[in-house]
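Open the model in your viewer and keep the sequence panel beside it. The tour goes stop by stop.

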Amino acid sequence: MADVLAFNLTQAKSHAPRKFKRPDLSTKLKLLGVEVASFGDFFADRDGPKNAPTRRGAAKKDGSVELKPASKELTNGTPPTSVKALTYKDPFTNVYKKYLFSADGKYLLGGMMIGDTKDYVKLVPMVKNQKALEVPPSEFILGASKGEDDGDDLEDDTQICSCHNVLKGDVVKAVKDGTCKSIGDVKSCTKAGTGCGGCMPLVQTIFNKTMSGMGQEVKNHLCPHFEYSRADLYNIIYVKKLQSFPEIMAAAGKDPNSSGCEACKPTVGSIIASLYNKHLLDDDRRGLQDTNDRFLANIQRNGTFSVVPRVSGGEITPEKLIIIGTVAKKYKLYCKITGGQRIDMFGAKKQDLPKIWRELVDGGLESGHAYAKSLRTVKSCVGTTWCRFGIGDSVGMAVRLEERYKSIRSPHKFKGGVSGCVRECAEAQNKDFGLIASEKGYNIFVGGNGGAKPRHSELLAKDVPPDDVIPILDRYISFYIRTADKLQRTARWVENMPGGIKYLREVILEDKLGICADLEKQMQDLIGTFFCEWTEVLKSPERLKLFSQFGNTEETVDTVENVQDRGQPRPTYWPKDSITEDFRGTQWSELAWQPLAKSEQFADSATGSSLAVKRGDTQLAIFKVKGQYYATQQMCPHKRAFVLSDGLIGDDYKSDKLWISCPYHKRNYELKGDNAGKCGNDDSVNIATFPVEARDDGLVYVKLPPVEELDGVLGTKKFVIKSEGEEKPFEKMDKILDATSMKGRKSKNVSHLPNGMGEEAKTQQILAGEGSAPSMDW
């Protein structure tokens, strides 16, 4: 203030007068031995901001305004009108800090500090310059985030895998004593990550940190068959235009004749699908698919599958609801509304999947790709379609986005959401991409997810006109497909990206790498190849044959008993213990060759092929790999699941091992050699194996004991999971609810109305029609 006054009094005749803009009341003092400071607009949260930051452009000396690039406009949007305070209070060291930011967290407006003022010098210029912040406000208090959790703050007795009670110390010890030299070794030795798999990100980071601490190089290789990361392998396949597993193995694998393993095969299959979008069930691609993709449905714990039709944006007509309800009733399927606003039907038998989908597709429905590492859903609120608070057509946008990106394969599943206003009813900010309607368009958020490690998404662009949404998302999704690691969600991808969201904005909005046009073209090419996978299956007699329960009989067998729960069928709970019987060491009285399959039922594929067969009451699995046949029991003893023929075949070119990986929890059973039947990553279980050969008569023979003897050891009835004695997890809770007279779910035969008909009677009345039309015969 004084310097402006002095200048104007002494220099005004020869120079233009200076203007006093605003006072700087920032100060730092020491009162009674306590450091205190205030800076900027330190009461902006109480009195409102006195000088809101100007972001659209900076005034030049001639009075004109220099506009920022359009990408900055999309990111920054209009100036905020409110203030948010970030407060820190430490009663142990007597430190208090309050920093005030613009509502979007992009500008520091002022603040005050007591007890610790060391940041005063660097904060004052930030307020004066009104420059947009390059870090989130939390870093002013917490410091920079280290990104992925490396487990450093966990004690060795911390449980990191609840499925198998594995402690952090177990993993660290196994790595330090040399027992485990790869993440696969860790899973084999400790069983960590072999249950639900939710702990694997933490197990991986603990392994990496321990290896680094020992001075060992940590390689991000896909698996022992490829010395490349997933992103590197993607680029090799993309540049060289490779389209088959043998081509890829020859060009990038360590052994050109290898069959791969359960780690690399699904990744290679996903990359091929992301680039060329061919049908997964073709012979040269089916062997790359995990069980869900192999049968175009999610396998459930009783060996049945779920059926999920596409319901774009959560919008569905009454007619399609009737079709779904009719199919579910006919095939006795358990129904549940998913978190993605669609209907999931559980309990479909493998052999019934084509019949179920024929009725759904005939009614205008299509595959929802709930089984795939691809777009799942774009969730929406009703927005301006109905809501009085909506300012954007969230349903219309969600439907368009889901229809555009459906079936696109990616490193992991990804989900979207669109909210019609800031009330955020569609939860768009915890999605891989999310839109929130504003008065000028949509705010686009990316890199969020729920799950085991939730992450709030970050703002990519603000006030985007509807016409510009598609190009931005095309670039974002294509860039994710190109550069993400194996099974990496967008949340971890953004976290681990050098430069984080700022770099992503530069790539997607400013075309820093000069690849935006290529990213958009790649997405458009993929979208142009869309087809409903189930529709193509129904057109192909050869593909339909893949959905038989057994390759040598039309018989069907249930292996888990159902119970009625809340009016619907569900499989009884799994027993807690595995079957530890020594199947591998069984001494048979005699063995004789039995024809059980035809050679033509097996594909001559580099990735192998398999078939389930039945003899007596025993289920068997036959595999063909590189012209050789192998046979085992069908049941995985870990969870009594009859699914081994649906697993992925893997090999180790160094040790000449060959194994089948159970599709449920990746128990790997060796198929040949002295260790045939041994589980490589769980010593408590093993399986029986049998000699097998193909003969000139076109049949495949398996050398087996007499039927009665075989059934006595491996018969299905012996291992059926019974409902009798099932654990009742809510027994105590239900007693409490009954004691307090709380109203629970009513029976389907009960109505809240005094003379109401109830669910079943009312359904039959509706189906019968108003006249004399007969009731539908279920």
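Which elements are included in what covers the buried residues of α20? Keep in mind that this is a predicted model. The cover includes α9 (230-240), α11 (264-276), α16 (394-405), α17 (466-483) and α19 (500-508).

Select residues 516-527, helix α20. Check its length: at 1.5 Å a residue, twelve residues should span 16 Å. The end C-alpha atoms of α20 are 17 Å apart, which agrees. Now colour C516, L519, Q522, M523, L526 and I527, which are buried. Look down the axis of α20: the buried residues fall within an arc of 135°, so they line one face of the helix. Turn to the face away from that buried side and find the exposed residues A517 and K521.

**Stop two: a lysine in a strand.** Select K379 in strand β14 (residues 375-380). Is K379 buried or exposed? With a relative accessible area of 13%, K379 is buried. Show side chains: that of K379 makes a polar contact with the side chain of E427, at 2.8 Å. Beyond its neighbours within four places in sequence, K379 is in contact with residues including G339, Q341, A398, V418 and K431.

**Stop three: positive phi.** Go to S407, in the loop between α16 and β15 (414-419). S407 is not a glycine, yet its phi is positive, about 75°. S407 counts as buried, at 3% relative accessibility. Finish at R640, in the loop between β25 (635-636) and β26 (641-642). R640 also has a positive phi, near 55°, in a residue other than glycine.

Definitions and conventions
Residues are numbered from 1 along each chain as its sequence is written. This is a predicted model: local features need pLDDT of at least 70, side-chain atom pairs count only at pLDDT 80 or more; totals for chains, interfaces and linings use all residues. Side-chain values use heavy atoms; hydrogens and water are left out. Helices (H or I, at least four residues) and strands (E, at least two) are DSSP runs, numbered from the N terminus. The expected span of a helix is 1.5 Å times one less than its number of residues. Buried means under 20% relative accessible area, exposed over 50%, partly exposed in between (1.4 Å probe, protein chains only). The arc is that of the directions from the helix axis to the C-beta atoms. Contact means heavy atoms within 4.5 Å. A polar contact is a pair of N or O atoms within 3.5 Å; within protein, one must be able to donate a hydrogen and the other to accept it, and residues adjacent in sequence count only if both atoms are side-chain atoms.
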